[in-house]
Amino acid sequence: MRIIAGTARSRIIQAPAGKDTRPTLDRVRENLFNILQHRVYHTRVLDLFAGSGALALEAISRGASMAVMVDHDRAANVCEQKNTEALHFTDQVRMIHADWRTATARLVAEGAVFDLIFLDPPYTMNDLTAVTDALKPLLAPDTLLVVEHASGKPALVGEGWQLQDTRKYGYVGISFYQYLPAEKMEDSHAGNE
């Protein structure tokens with residue numbers, strides 16, 4: 001794997017050993033960041049189920065101001081640490097070794113807010129309602145949620161999340177969501193009448 005563009009362009013990064021982590025393929029990451037282009041610069045990024053940290057590290061390389069990488073797997077955390085150090089991004093990256101519930105609760109308690117959130121859970125974890133509900137206190141006004149899933153099998157997300165776009169890359173699907181609270185949804189529906 002490698003960083004596609006930005007300050008760390010073409011630098012090699014490692015993936016955790018074993019079958020517990022499924023890193024986002026380079027070509028999928030390249031297409032994803034081509035779509036995100038101008039949404040990355042100066043953003044605060046949360047990479048939940050981070051694995052190797054490739055998505056967060058790509059974002060930092062492309063100008064994101066900071067990133068938090070969360071994974072409960074010890075091998076993934078070690079890999080994230082090595083990749084972050086190798087790219088000299090330690091001042092901009094924070095790693096949390098915890099499950100998603102513990103990590104999001106900690107970030108909410110700290111008052112953290114994010115502009116861009118990546119969710120790349122195991123494909124067997126198709127119901128992300130509890131995860132997306134837990135993320136709501138962490139959202140900036142225009143936060144974009146990017147969910148990787150099996151192609152043709154979009155994940156279930158909680159109420160208020162509106163699908164903005166979806167793309168397929170072989171067996172990989174990427175869906176983009178923004179959260180609209182109930183009052184904003186009513187306003188948008190009223191404007192369409």
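Contact here means heavy atoms within 4.5 Å. In this predicted model, the criterion is applied to D71, a residue of strand β2, which comprises residues 66-71. Leaving aside neighbours within four places in sequence, D71 is in contact with F49, A50 and G51, with A76, N77 and E80, and with I96, H97 and A98. The relative accessibility of D71 is 9%, and the residue therefore counts as buried, the cut-off for that class being under 20%.

For L32, when residues up to four places away in sequence are not counted, the residues touched are L55, F118, V146, I174 and F176.

The arrangement of helix α1 was examined next. Its residues V28, R29, L32, F33 and L36 are buried. These residues cover an arc of only 125 degrees around the axis, which puts them on the same side of α1. In an α-helix there are 3.6 residues a turn, so residues three or four places apart point the same way. The packing partners of the buried residues of α1 are α2, β4, β5, β6 (161-169) and β7.

Side chains of opposite charge can pair when their charged atoms come close. In the whole structure, the search finds six salt bridges. One of them joins E58 to R29, with the closest N and O atoms 3.0 Å apart. E58 belongs to helix α2 and R29 to helix α1, so this pair ties together parts that are 29 residues apart in sequence. Both partners have a relative accessibility of 0%: E58 therefore counts as buried, and R29 is likewise classed as buried.

A further salt bridge is formed by the side chains of E110 and R94, at 2.7 Å from N to O. This pair links distant parts of the chain, since E110 is placed in helix α4 (residues 100-110) and R94 in strand β3 (residues 93-97), 16 residues apart. With a relative accessibility of 45%, E110 counts as partly exposed; R94, at 32%, also counts as partly exposed.

R167 and D165 likewise form a salt bridge, in which the closest N and O atoms are 3.0 Å apart. The relative accessibility is 34% for R167, which is therefore partly exposed, and 26% for D165, which is also partly exposed. Finally, salt bridges that share partners join R29, E58 and R62 into one network.

Definitions and conventions. Residues are numbered from 1 along each chain as its sequence is written. This is a predicted model: local features need pLDDT of at least 70, side-chain atom pairs count only at pLDDT 80 or more; totals for chains, interfaces and linings use all residues. Side-chain values use heavy atoms; hydrogens and water are left out. Helices (H or I, at least four residues) and strands (E, at least two) are DSSP runs, numbered from the N terminus. Buried means under 20% relative accessible area, exposed over 50%, partly exposed in between (1.4 Å probe, protein chains only). The arc is that of the directions from the helix axis to the C-beta atoms. A salt bridge is a side-chain nitrogen of Lys or Arg within 4 Å of a carboxyl oxygen of Asp or Glu.
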